[in-house]
Amino acid sequence: MNQFPILSVILFLPLLGAVGAALLPRMAGWGWSLLVTLADLAFCLALIGQFSTTTPGYQFTENRAWLPGVGVTYALGVDGVNLFLLALNALLTVVAIGASWNVARNGDRSREYFVLLLLLSTGMMGVFLATNLLLFYVFWELMLVPAYLLVGMFGGPRRAYAAIKFVLYTAVGSLLMLVGIIALGAIVSDTSHTAFTLDLPALLAHGAASLPRETQIWLFLAFFAAFAVKVGLFPLHSWVPDAYSEAPAPVVVLIAGVMAKTGAYGFVRFNLGVFPTASRDLATLMGILSVIGILYFALQALVAQDFKRLLAYVSISHMSVIVLGIFALNTQGVEGGILQMVNHGILIAALFLIAAYIEARTGSRRLADFGGMAKRTPWLAAVFMIITLATLGLPGLNSFAGEFLAFLGAFRASVVFGVLGTLVVIPAAWYMLRFFQGVMENPESGTVATATDIPRGRRGGAKLSDLRWGEFGVLLPLLVLTIVLGIVPGLLTARMESTVQHMLPAITASHTAPVLPNTTTVQR
Amino acid sequence: MLNLTPLILLFPLIGFVLLGLFGKRLPKALISLIGCGVVLLAFACAVADFVSMLGVSGAAQSSNITIFNWVTSGGLTIDFTLLSDPLSAVMLLIVTGVGFLIHVYSIGYMADDDGYWRFFSFLNLFIFAMTLLVAAGNFLFLLVGWAGVGLASFLLIGYWYTRPSAVAAARKAFVVNVIGDFGLMLAIFLLFKTFGTLNYSELLYNSQRWCPRGLECSFDQAARLAGFAGQSTMLAIALLLLVAAVAKSAQLPLHVWLPDAMEGPTPVSALIHAATMVTAGVYLVARAHSIFQAAPASLAVVAVIGGASALFAATIACVQTDIKRVLAYSTMSQLAYMFMGEAAGGFSGGIFHLTTHAYFKALLFMAAGAVIHALAGEQDMRKMGGLRHKLPLTFWCFVVGGLALAAVFPFDGFWSKDTILSSVLERATTSGDFGWYVLYAAGILTAALTGFYTFRLIFAVFLGEYRGPEIVPHGAEHAASAPASRPNGRNAARRDPLARVREVGAAMAVPMLILAALSIIGGFYDTPIKPWLNEFLVPSTGPAVELPNGSGLFWFSIVLSLAAALLGIGIAWARYGSRQPRFAPSRNPFVILLEHRYYVDDLYDRAIVRPIVALGRWLRRDVEGVALDGGTRGVGGLIGGASKGLRALQTGYVRNYALAIFTGAVLIVLYYVIRP
């Protein structure tokens, strides 16, 4: 235990940043936050470098007694499931801070803003890192509070409504999960006659994963409530379009880019990891909800008129793909799901930033107001094009790799889900091109044609300028990853392999699969 | 044996990246040099590969190069592998060779365009994606190339992105092609689920893996696949692959994007929508011939689609007046011939027609581009006529291309179309199946129609009197939307309207002449006397059907198809060549049906596009708005109403709620601690 506590450092650096941001002057606070989060990202990259690809269990574990009587320990660990989510969180925090330069400059309540942003980041880091269920819950709530406040304080005109809706949905989900957590600890302690603990490895060692089917299903559903709301799974998604379209772009970068992943992560870590029988038996239900979500949200994106709402639906449609992959319960599906969490975070962050840049230039986000912007903003158009192509799943860019694996996994588990899920590539091409072409192409019209007439400062618009260096700098890492992870997605899956391979047999073991005549070459 | 395939891909990729990033600041000469140079280098490598392949034989002709591991996940291992074999060698020669000529042509054609660098960078991207498509060694990287060419096609159709028609056409092409990608993805999933691999070397060629254990192993790969996976699975895979092929090669029922794709600059139509990309479907069927042969019913489907598309497109081509659209429907019809040949088992015959078609159709598009260029963007043949004297070179190139397209002896189209028709006839006589005779009849009828529409086009454009307005040259079609400066009224009145029309410059003329030469001699590498290409392709496409060369049947087929073509040309002469053609609106219901392209576009719009949008709007209003959002408000209101007495707690501050949640959590935990 004498090793360098790298996970604690990764976890608390943003908190340190929050303290600094609260004390320093505005612009210095911005610089400080950026510096701290960059350091955090550097530690995450170092962690990836040090990570052993052959160890299935937790690595770099830290475990300290905290409230022994309650079974609460300060326990952190990293494995193939959360490794890249930490890096994603660190990266998107850097991007969000970088993109908040205007907030710092304009000053209004900028201290609170940066403190909350960094607290949110710490909370999400903790959610990914905690291996004690109560610690997990503490961070889960710690993540929600700054998120409510950021939406409620810094959002658009309908921010109050959006924030309340967000609270209503997430609070109900979280409370059910808390009941589930405590019930799980109590039941395991009763059946195994051991002390009450909420440490995940200890729970699993005490047979948490082999509870009776009925119990597993109830507990599965309790956790499901919290995670499904976060993911925006149909029909629990109603808060998403409001929150995403009202929140300022850097906040959406973190909420859509990272926080939505905490739900998907929870599905893998807890529903798959602790309730294997229930996961297997409810996989069909999860598949149905995912497939409905994938197609229904795609259809909503197709008819959306406000492009931030369009992106909100794009986001949850793709999140549903992740859930579909996870509940395929095979290696390709789960790895595709995790890989897609990373890719989705990168792309949705880039998309919301681009949407914000477009809105800042024209003062509008109604698709009908646009046309022909590419002529005056060629570089913005080029970057937007690449991100659009990645989002619609163009083979060779990052999203394809994750979606391919997730759909392949789903197809292997159920041909119907696989086919219906994959079908989304057609509306996806349609809605993304509708967005891109509607804004960038065609003759100049609407707000684009009149944009130069908007005086500086009014309606948030300056003159219609091309991508600025600062804006480009924020998008650049996302752009690079979009291309690199499309070419060599194996870099990521190689590090998930042993954890996922280790996790799945518990689910499929009790599974009496019909032996097909053709499966002479059995693959996982 | 030499294997430079990675370089063939690398050069155009470098060109794309260089021009894409820095092209805007480079001088035009350098852009042309980079844009054409990288393709020439790729072509040189393709030639070197091909020549070295001629030196070896049999299995030594095929080799795989693995560059890196793309992904490994459970039992799935996908490498970036390039396969070099006779089929990919031929395809690479065509793609880089014809591609290079079209790049050179574009120097002249696009000379006045503002986005010169963008154009060449997209063309390079296309060459990269297309070489990847034909050189990929597994189905996944086939898909990457497959989607990549679709992307390049999208970018180039919508190249003039301020034109609404081009933007709409680009989107249509992309979405329809994604339907094909969807089919290909499902085929890949099913292949992996069934066989556990996506590599050509295991799936398509001579792999012992699929032999039943302890039983005698069939010599035929198709029989092995069928034996391993069962007929119905193989049929499903083949049909899913066919969805992809049909979308990419613009066959019924997914052909609707190709005519609209003519919105792109003409070199794009020549390169992507005639010579190379649209032939990818033909390539795929030839490449995956083992899969199709493992489920013979799938080849019957190919035959039906081929025969129907051939006639469908050829009939529409007869009434089109936009010269590029005539050629677009002609492309669809010729691709259908290739599928007919493949359906009859002549996979190498399909590839043969692919190569000859690449020469003469690229030539025809280039010549059409020369006409459009000379007439300042005019594409309507009703406003042309009598251009023979003004554009002699273009005229003769058009005639050569037209004779090749109409399959007149001894032009290259004659040899390849004859190979296809005689393999269909051979199939008909050996199987005795009535369906093959019908397919053969469709092929002959299409041959007559081809002769008609091709020479209708040539006669209407080049013979007779000029029918259009005065031409004020200002480059090519891209400037057509700009207001043309009016010439001085008095002086202009008596001037020859074609006075300022000029024949094309060297950059456009040289590629046209080379392709004209190829259209004349390009068929001689696979004649009934010496079917060289056919034999060369055997390692890739399997043993070809025995053609009835030299028999009475063979001569009958040749005479019949030639007579059909000449009949078509004769009717065209009677109606458009021997006198001034008239383009009066027709009241013939069949002609109206053709002018509306059999109403397929309208049908899709009404039966698919609009219902989907209507469904989305209905869901937004009634489900998303009322049921879900309204439900939330209802619950919220209920809570609000029920808790009037607790108003003190409802501060409206979110942090207080959060605090309450947290306190609650702590209380529950405490309960469990204190609990005995």
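Visitor: Does B:Thr66 count as buried or exposed, and how many C-beta neighbours does B:Thr66 have inside 10 Å?

Guide: A residue is buried if 20 or more other C-beta atoms lie within 10 Å of its own, exposed if 12 or fewer, and partly exposed in between, with C-beta atoms placed from the backbone. B:Thr66 counts as exposed because it has 12 C-beta neighbours inside 10 Å. This is a predicted model, in which local features need pLDDT of at least 70 and side-chain atom pairs count only at pLDDT 80 or more, while totals for chains, interfaces and linings use all residues. Residues are numbered from 1 along each chain as its sequence is written, and chains are lettered from A and ligands numbered from 1 in the order in which they are written.

Visitor: Where is B:Thr66 found, and which residues does B:Thr66 touch?

Guide: Helices (H or I, at least four residues) and strands (E, at least two) are DSSP runs, numbered from the N terminus. B:Thr66 is found in strand β1 (residues 63–73) of chain B. Two residues are in contact if their C-beta atoms, placed from the backbone, lie within 7 Å. Not counting residues up to four places away in sequence, B:Thr66 touches B:Asp79 and B:Thr81.

Visitor: What is the crossing of α5(A) and α6(A) like?

Guide: Axes are lines fitted to C-alpha atoms, for helices over the stretch in contact, and angles run from 0 to 180 degrees between N-to-C directions. The axes of α5 (residues 110–129) and α6 (residues 133–154) of chain A come within 8 Å and cross at roughly 150°. Angles under 35 degrees count as roughly parallel, over 145 as roughly antiparallel, 65 to 115 as roughly perpendicular and the rest as oblique. The two helices α5(A) and α6(A) are therefore roughly antiparallel to each other. Among the residues making the contact are A:Tyr113 and A:Leu116 of α5(A), and A:Phe136 and A:Trp140 of α6(A).

Visitor: By class, which residues does the contact of α5(A) with α6(A) have?

Guide: Ala, Val, Leu, Ile, Met, Phe, Trp, Tyr, Cys and Pro count as nonpolar, Asp, Glu, Lys and Arg as charged, and the others, Gly among them, as polar. That contact has 17 nonpolar, two polar and no charged residues.

Visitor: How many residues does each chain give to the contact of chain A with chain B?

Guide: Chain A gives 67 residues and chain B gives 56 residues. On the side of chain A that touches chain B, α7(A) gives the most, with ten residues. The residues of that side divide into 41 nonpolar, 19 polar and seven charged.

Visitor: What span should helix α5 of chain B have?

Guide: The expected span of a helix is 1.5 Å times one less than its number of residues. The 19 residues of α5(B) (residues 139–157) should therefore span 27 Å, and the end C-alpha atoms are 26 Å apart, which agrees. Of the 19 residues of α5(B), 19 are buried.

Visitor: Which backbone angles stand out in the loop between α9 and α10 of chain B?

Guide: Most residues other than glycine have a negative phi, and most peptide bonds are trans. B:Ala250, found in that loop, has a positive phi of about 55° although it is not a glycine. B:Ala250 counts as buried, with 28 C-beta neighbours inside 10 Å. B:Pro253 is found in the loop between α9 (231–248) and α10 (257–260) of chain B, and a cis peptide bond joins B:Leu252 and B:Pro253, with omega about 0°.
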